[in-house]
Amino acid sequence: MSMRSQVYEWDAGRGTAMTALTSIGQRISIFVGGIGNNITKPAETTATEFVVIEDIAVTPSLGTMSSLPAALTVRGLLTGEGADGVDNGIAGPRAYVQVRINTTDYFLDPDNIPNDGIPGAGSPYPRSINFQPSFNLYPDVYVLPGQVWDCLVTFYSDAFAAAVAVEGELQCFVKYTLYDGPDALIANKLLEMGISINPGNVDWYKRSLLQAQA
Amino acid sequence: MSMRSQVYEWSNLQANANQLRRTTNDLPVAVTANREYDIFTGGLGNNITKPAETTATQFIVIEDIAASPLIGGAVQIRINTTDYFQNPDVTDMSGIPGLASPYPRGANSSIDTALLTAAAVGTQNTLKSFDLYPDVYVLPGQTFQILYSSRDGTTALSTQIVSCFLKYTLYDGPDALIANKLLELGVTINPNNVDWYKRSLIEQQQRSRAVAGGPQ
């Protein structure tokens with residue numbers, strides 16, 4: 001079990017359910033943000049672990065029109081309003097997800113300033129006929145041994161049925177592969193060699209070591 | 001982190017004129033028909049601080065562009081002063097229609113602004129007919145713009161929300177040098193080929209050391 005495919009699903013309505021109006025416009029850590037389901041400590045790799053983040057996704061949104069009132073269900077999403085209570089015609093939470101490694105944000109605007117991250121409309125979770133991905137995380141994001149990483153959700157529209165979020169209204173999904181022990185060492189070696197780190201290449205490196213030994 | 005997948009999303013949503021970044025009080029604003037809006041610094045919707053450009057140590061590969069399949073929306077790429085998409089008679093065009101490259105994928109292609117119910121947003125699911133291949137390269141030191149235009153513009157009755165989406169890979173530092181080298185060699189620039197070039201450099205170095213009898 002030294003290479004393991006892993007997922008983490010965050011839901012603002014689980015655990016400590018989110019109060020939309022106090023969290024709107026804020027960056028929320030899906031691991032230790034104190035909102036929704038959380039884990040016991042920040043996500044980090046030990047000296048013998050290597051994490052490759054392969055996909056991130058968040059609840060999608062759809063722009064409709066200014067005169068559409070709040071609280072209508074459009075394609076499974078509620079239309080919302082801004083923090084000022086004015087209807088904005090956006091169905092869904094207008095959510096984004098950013099990846100942070102140590103203190104560095106991964107996604108930048110073309111002026112090299114960190115942005116909100118991947119929009120839910122570009123990488124939706126869950127995927128459906130109405131919302132299909134325009135984005136895939138390639139090249140993957142590497143979390144090297146000893147680094148701390150996080151996924152930060154920001155939403156800009158109060159598209160929730162009540163003051164407190166319920167399950168399914170705002171979700172985030174992360175898919176990653178955890179390399180542990182000898183496989184983490186191989187992952188480091190592949191990184192030095194400029195080879196993409198994936199289970200196929202780790203297995204290839206093991207085979208080439210065995211062949212060299214024989 | 002010298003090769004990074006990046007995205008930029010623009011919408012005609014803003015709370016103030018010439019607004020940088022998104023806010024929680026953004027509202028839809030009118031889009032004038034047949035006018036090109038730079039999604040980075042066009043003054044409409046969310047913008048950034050300066051025109052998009054690559055530094056001497058950056059190389060950008062644009063892999064996808066898309067727009068809302070509404071109000072005759074289209075999206076054009078401009079590198080320095082040259083438009084990428086042209087008519088067969090080499091005259092200007094508005095670019096890739098949102099109907100061919102929709103954002104979000106699966107979005108509605110029409111909206112009934114007279115209705116104030118969920119049914120206003122039709123039942124269509126627009127899928128993409130267009131793939132940006134070969135990719136578009138923005139070389140070091142070049143400025144690029146993504147221009148959104150609408151044939152119909154938003155209606156006075158109710159302002160439709162339209163968006164644009166850009167997906168690109170940013171190569172920085174040594175990887176940008178390799179990208180330039182691949183361009184010279186006529187090899188497609190993508191993360192796999194950049195990695196392949198790095199590996200071939202390492203192998204070449206190892207072979208030269210072996211021939212010289214030095215350490216491996």
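Q: Angles under 35 degrees count as roughly parallel, over 145 as roughly antiparallel, 65 to 115 as roughly perpendicular and the rest as oblique. Why are H2(A) and H3(A) called roughly perpendicular to each other?

A: This is a predicted model, in which local features need pLDDT of at least 70, side-chain atom pairs count only at pLDDT 80 or more, and totals for chains, interfaces and linings use all residues. Residues are numbered from 1 along each chain as its sequence is written, and chains are lettered from A and ligands numbered from 1 in the order in which they are written. Helix H2 (residues 182-193) and helix H3 (residues 199-213) of chain A pack at an angle of about 95°, with axes 10 Å apart (axes are lines fitted to C-alpha atoms over the stretch in contact, and angles run from 0 to 180 degrees between N-to-C directions). The two helices are therefore roughly perpendicular.

Q: What makes H2(A) and H3(A) meet?

A: Contact requires C-beta atoms, placed from the backbone, within 7 Å. A:Asp183, A:Ile186, A:Ala187, A:Lys189 and A:Leu190 of H2(A) meet A:Asn201, A:Val202, A:Tyr205 and A:Lys206 of H3(A).

Q: How do you know that E6(B) is largely enclosed by the rest of the structure?

A: A buried residue has 20 or more other C-beta atoms within 10 Å of its own (12 or fewer is exposed, in between partly exposed). In E6(B), 9 of the 10 residues are buried, so this strand is largely enclosed. In chain A, buried residues make up 48% of the 214 residues.

Q: What makes E6(B) and E12(B) a pair of strands?

A: Pairing needs at least two bridges found by DSSP. E6(B) and E12(B) run antiparallel and are joined by 9 bridges; in E12(B), B:Tyr171 is the bridge partner of B:Phe59. E6(B) also has 3 bridges to strand E10 (residues 136-138) of chain B, again antiparallel, where B:Val136 is the bridge partner of B:Ile62.

Q: What makes up the side of chain B that touches chain A?

A: In total, 48 residues of chain B are in contact with 48 residues of chain A. The elements of chain B giving two or more residues to this side are strands E1 (3-11), E3 (27-28), E6 (58-67) and E12 (163-172) and helix H2 (191-212). E1(B) gives the largest share, 8 residues.

Q: How many helices and strands does chain A have?

A: Helices (H or I, at least four residues) and strands (E, at least two) are DSSP runs, numbered from the N terminus. Chain A has 3 helices and 14 strands. Its C-alpha trace spans about 70 × 35 × 35 Å along the principal axes.

Key. Two residues are in contact if their C-beta atoms, placed from the backbone, lie within 7 Å.
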